[in-house]
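Thanks for coming, everyone. Please look at the screen while I talk you through this one.

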Amino acid sequence: MIRLTINGRAKTIAADPDTPLLWVLREELGLTGAKYGCGIGQCGACTVHVDGVAVRSCATPVDSVKGTKITTIEAFGGTHPVQQAWIEAQVPQCGYCQPGMIMSSVALLAEKPKPTNADIDEALAGHICRCGTYPRIRAAIKRASGQA
Amino acid sequence: LKERIMAINLNRRSFLASASGLVVAVAIPVDAAGPSGMTSLHAYVHIKPNGSVHVHSPVTECGQGTHTAHCAIVADELGIDIASVSIETGMPADAFRRGTAPNKSMGTGGSWGVRHWYEPMRKGAAQAREMLIAAAAQKLGVEASTLIAQSGAVVHAASGRTLGFGALAASAAKMTPPENPVLRPKSELKYSRSELRRVDIPAKVAATHKYTSDMVLPGMVYACAKLNPVYRGEAESFNKASALKVKGVLDVIAIPGGAAVVARSSWAAMQGAEALDIVWKPSKADALSSAEISAAIKEGLGASDSAIARQGGDVTGSIKNATTVISVDYEVPYLLHAPMEPWNCIVHDTGRSLDFWGPVQAQDRFLSRIAAVSKYAPENIRLHTVMPGGGFGRRLSDDGVPGAVIVAQALKRPVKFFYTRETDLAVGWLRPAQGARLQASFDAAKNLTSWSIRTSGPSMRMDFGAPGSMKVGDLDGASVQNLSDIRYKIPNHKFDYAMRHLGPPTAPWRAVGATHNAFFVECFIDEIAAFMAKDPLELRRSLLAHDPRALAVINDCAAASGWSTAAPQGRARGFSYFESYGSLCAQVVEASITDGKLRVHKVITSLDCGDVISPDGARSQIEGGVIQGLSAAIGEALTVEKGRGIQTNFDSYSILRIGDAPTEIISRFVISGAPLGGVGEPPVPPVFAALANAVSKLTGKPVRKLPINEV
């Protein structure tokens, strides 16, 4: 049994230690906000926070995050300022990649409250949006950081 | 209890998460007399007891914003606040089908979402409004002409009496739908043509929208497909025990192309599929390569067997009498759709009927396939369309249907059948590779005297069209898409196609054949202009001098992009114009190359789609279309070796990322008042050439092959 802290709550996990965190979140805990997109840490759809840092949960064995604080998009309840900015800027199209984009953006803004375009591009370099919402993502982050 | 569960499965749809978030239970009934008492006034319009409206749309919302436009159309005609309107895709039914019998079908594509459904949905909502008004007239004992519908109620202004839609629905449903309802005048339309907020966005941002991949049914198991990576390949045999060793694996079931590993979780199913010993059946496709396909395409460019799409004047004579003939060959690769949600669906055979939930873009195609595989009559199949994580044409192919149905029928319990990313890309039907030879002849004064376009390559319709609808040597409309109706006026012309059908299965990819034909034509126009020493935009103007509508679009884009002024230091601008799906689109791309690195700074689009029903939704489609087109033009190619695609995931199939996205995308509408055109696809084709033309200026070498990064 592995003990984890997820969204402020202690959880006991039955999965094998090498199971990637993504499948533990989605199937054992029913937290489906993080998505499966590639399984190899290339698309960012599975992004969650481990101690405030954006990580790819599809490539993170659950065993490796014991004792950390894990945050998923469900913790934000749709009311986080970044989520509000996402609605204001009408960002998503299909929406599948957006929880991951939002998680990386929240982590970016915690580190750099007034990010430049270059900061944004760097922070989101590990994400793919097939619908092409990148310009609106930049606009939403600027808005959330009071730069727009 | 069993009967009761079955009844719930049959009579309800749409999922709500249960308190635990682990199991999604069912809610929201479909039709009149359902448990929540929703009353149907029309196939599109259903009234809830509280008077709010639920719309059944003919279209799948893949993120293109169509559902928002449909909500606006219905809210406007009915007279209700758009916030009181909800929407989902309806189940296959005649009211949702497009086309003429026997080819009527329900599906999402061709950028038809608003341009086709605007009028039928307006009419349906107007019928519902008149039925509500007739019911109110009866109740109040007044003439219908003294009543108006507004804010979700029917109002008798003279007496101040008001009846809500909820209270009127039951009696309204008994009224005969008027054959010719009166549509509201434009001045009364509050939502159409205004800046709307997309109805599907809040749930996507909060991550509460359940994609098929997020849905869980009670008792559901997971089936991961392991399929022969060779196109159209099959399995010879497999060793079940090899997969059963993995904890949580329950079974391995043979399916077309391979096997499905069934397990208690998707992770266990994936691990089981990984562990499964499977022997692939040798096939003649095992040796197939992109080089072989490319050679066939090149041979087709000069071959004498071709199907003519359009010809006029005398091309042969023009070439014979020409002082100069320019002949250049172009080629584009196979492309993957690669939507972010890999294929998955949920199937439950209840013993009397079958339920199918999935990210479906071609409902009738899927329904027929499910019926053929399951042996259920279509009326005993309930096809639930779930908003997909991306479409772009990938959800048109029903390759994921047979395996899912076979496993569900073998197990008689709900099954989520899914592909890994690698499988999704390996078996995904592709935008065909295609080649073209373009020729132009000139007299001694460098006047253009003729042109011809020969396309050559695999036929999308041979794979995707109805079986038997196309044979070798036929003209595939996709390969000559938007050439026959091209507006450039060159009296001596010939456009034809030589089918060279080999390679992976192919299917429509956003904007289909226009994606390559715009590249061929619009790059060639720039090459012609270079030979004539003319500005490429001026050449286009002269070839479109007879066509004010086309001129208005290119002139708008020229002005907005500052075409007549010098580009900023180190940058070059490329122009392109192409018409597809009923819309005219001009684009300018501003790009630079520094230390070998191509960078797109700015893209300006001018689109004439007649009129714009949902402006921000349309801008969003232009932005996405521009980026998807740039992504393909810059870096995307699926290469075939040993019968399979060698790009198996996003580490090798290169999709444009945020750092390579233009910092400025300007979307402009030219409102011509012409019949509504499409929006989702028309901005895609011209961007390939606008970029290539900018790159040609920067390098001094024409771009004739894509993707740019691999040449």
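How many of the 148 residues of chain A count as buried, in percent? The figure is 59%. Buried means under 20% relative accessible area, exposed means over 50%, and partly exposed lies in between, with a 1.4 Å probe and protein chains only.

Some ground rules. This is a predicted model, where local features need pLDDT of at least 70, side-chain atom pairs count only at pLDDT 80 or more, and totals for chains, interfaces and linings use all residues. Residues are numbered from 1 along each chain as its sequence is written, chains are lettered from A and ligands numbered from 1 in the order in which they are written, and side-chain values use heavy atoms, with hydrogens and water left out.

Chain A to begin with. Its secondary structure comes to 5 helices and 5 strands. Helices (H or I, at least four residues) and strands (E, at least two) are DSSP runs, numbered from the N terminus. From the N terminus on, the order is β-β-α-β-β-β-α-α-α-α. The C-alpha trace of chain A spans about 45 × 25 × 25 Å along its principal axes. A compact globule of 148 residues would have a radius of gyration near 15 Å, and chain A agrees, with 15 Å. That radius is taken over C-alpha atoms, and the globule rule is 2.2 Å times the number of residues to the power 0.38.

Now contacts, meaning heavy atoms within 4.5 Å. Take those in chain A between residues at least 6 apart in sequence: 58% join residues at least 24 apart.

Next, chain B. Chain B has 18 helices and 29 strands. Its C-alpha trace spans about 80 × 75 × 45 Å along the principal axes. Of its 711 residues, 62% are buried. For 711 residues the globule rule gives a radius of gyration near 27 Å, and chain B has 27 Å, which agrees. Among contacts in chain B between residues at least 6 apart in sequence, 74% join residues at least 24 apart.

Where do the chains meet? On the chain A side, 49 residues are in contact with 64 residues of chain B. The size of an interface is often given as the accessible area lost when the parts come together. Here the buried area is about 4,600 Å², and carbon and sulfur atoms give 54% of that. Buried area is the accessible area (1.4 Å probe) that two parts lose on being put together, summed over both.

There are 7 salt bridges between chain A and chain B. A salt bridge is a side-chain nitrogen of Lys or Arg within 4 Å of a carboxyl oxygen of Asp or Glu. One of them joins A:Arg136 and B:Glu623, at 2.7 Å from N to O.

Several residues of H5(A) are buried, including A:Arg136, A:Ile137 and A:Ile141. The buried residues of H5(A) pack against H2, H3 and H4 of chain A, together with helix H17 (615-635) and strand S29 (664-669) of chain B. Just after H5(A), A:Gly146 takes a positive phi of about 70°.

B:His46 is in strand S4 (residues 45-47). At 2% relative accessibility, B:His46 counts as buried. Its side chain reaches the backbone oxygen of B:Ala43 at 3.0 Å. The side chain of B:His46 also makes a polar contact with the side chain of B:His56, at 3.1 Å.

B:Ala169 is found in helix H4 (residues 165-173) of chain B. It counts as buried, at 3% relative accessibility. Beyond its neighbours within four places in sequence, B:Ala169 is in contact with B:Thr39, B:Leu41, B:Ile47 and B:Leu132.

B:Val687 lies in helix H18 (residues 685-699) of chain B. Is B:Val687 buried or exposed? At 0% relative accessibility, B:Val687 is buried. Leaving out residues up to four places away in sequence, B:Val687 touches residues including B:Val589, B:Val603 and B:Leu630.

Notes
Polar contact = N/O pair within 3.5 Å; in protein donor to acceptor, adjacent residues only side chain to side chain.
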